[in-house]
Amino acid sequence: MLSDKVAIVTGASSGIGRFTAKSLAKSGVRVVLAARRHNNLDELATEIKDVGGQALPFVADVAQRQSCEDLIQYTMEQWGRIDVLVNNAGLMPLSLVKNLHVDEWDRMVDVNIKGVLYCTAAALPHMLAAKSGHIVNVSSVAGRIVFPGGSVYCATKHALTAFSEGLRQELSTRENIRVTCIEPGAVATELTNTITDEALRKFVENTKKMEILQSQDIADAILYAVGTPNHVNVNEILIRPTAQER
């Protein structure tokens, strides 16, 4: 069912994006790998090709509209279609609002919200023309639950969850474009490496004490959603570690 389809995965250089790209490629999907770190992308593309998959690396910064448009144009030039867009790129520099990490707030808004909007806007005309497509937005449990130190991050993920539902209502019944919002809990990725606020050190330490999700767990959820028959629209998947209470 997925064989020969074309997917774009943003934030593909590590974590959830990396494992999602590998899982899609293993299922026969031709994958465009998008991220800022070209060395990681080249390594991943080689790894996928060595096991018989098809992957093309493309250096992109989703916070830049032109970069997103270039990514979509490149995909169309190389493979002529876009069946799946996985908006996975994201940042999580948690901080207490009173500590005023305003530059970090700006970057989160740029990547977590604008990056999704820019990539979706660039890809959507091609999906509309094909009357087919699947948009997967990687939000978070933070798109449902707010916690101290996560005010801005949660705000960006609440926005993404709302945008996903709006997209579904606009596109699924009218244009045959499916929309899925993935909402992971704690996952072993590089996200916590971006936390600079010392007040959040305890949060990071507590997270490491429980058995958290692995990137492959989320990749499996994404693969399930995009692999369902066309009449099935998996709208949301909320996935937490068993040990995570909130």
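**View 1. The exposed side of helix α3 in the predicted model.** Helix α3 runs over residues 65-79, 15 residues in total. At 1.5 Å a residue, the helix should span 21 Å. The C-alpha atoms at its ends lie 21 Å apart, so expectation and model agree.

**View 2. The buried face of α3.** Seven names make up this set: S67, C68, L71, I72, Y74, T75 and W79 are the buried residues of the helix. Seen down the helix axis, they fall within an arc of 155°, so they line one face of α3. An α-helix has 3.6 residues a turn, so residues three or four places apart point the same way.

**View 3. S139 in its loop.** S139 sits in the loop that links β5 (133-138) to α5 (151-175). The relative accessible area of S139 is 3%; a value under 20% counts as buried, so S139 is buried. Contacts of S139, leaving out residues up to four places away in sequence, are K157, L160, T161, C181, I182, E183 and P184. One of these, T161, also meets S139 through a polar contact. That contact joins the two side chains at 2.9 Å.

**View 4. D4, a non-glycine residue with positive phi.** The phi of D4 is about 75°, although D4 is not a glycine. D4 belongs to the segment before β1 (6-10). With a relative accessible area of 44%, D4 is partly exposed. The value lies between the 20% and 50% cut-offs, so D4 counts as neither buried nor exposed.

**View 5. L100, with positive phi in a loop.** L100 is not a glycine, yet its phi is positive, at about 55°. The residue lies in the loop between β4 (84-87) and α4 (102-130). L100 has a relative accessible area of 57%; exposed means over 50%, so L100 is exposed.

Key: Residues are numbered from 1 along each chain as its sequence is written. This is a predicted model: local features need pLDDT of at least 70, side-chain atom pairs count only at pLDDT 80 or more; totals for chains, interfaces and linings use all residues. Side-chain values use heavy atoms; hydrogens and water are left out. Helices (H or I, at least four residues) and strands (E, at least two) are DSSP runs, numbered from the N terminus. Buried means under 20% relative accessible area, exposed over 50%, partly exposed in between (1.4 Å probe, protein chains only). A polar contact is a pair of N or O atoms within 3.5 Å; within protein, one must be able to donate a hydrogen and the other to accept it, and residues adjacent in sequence count only if both atoms are side-chain atoms. Contact means heavy atoms within 4.5 Å. The expected span of a helix is 1.5 Å times one less than its number of residues. The arc is that of the directions from the helix axis to the C-beta atoms.
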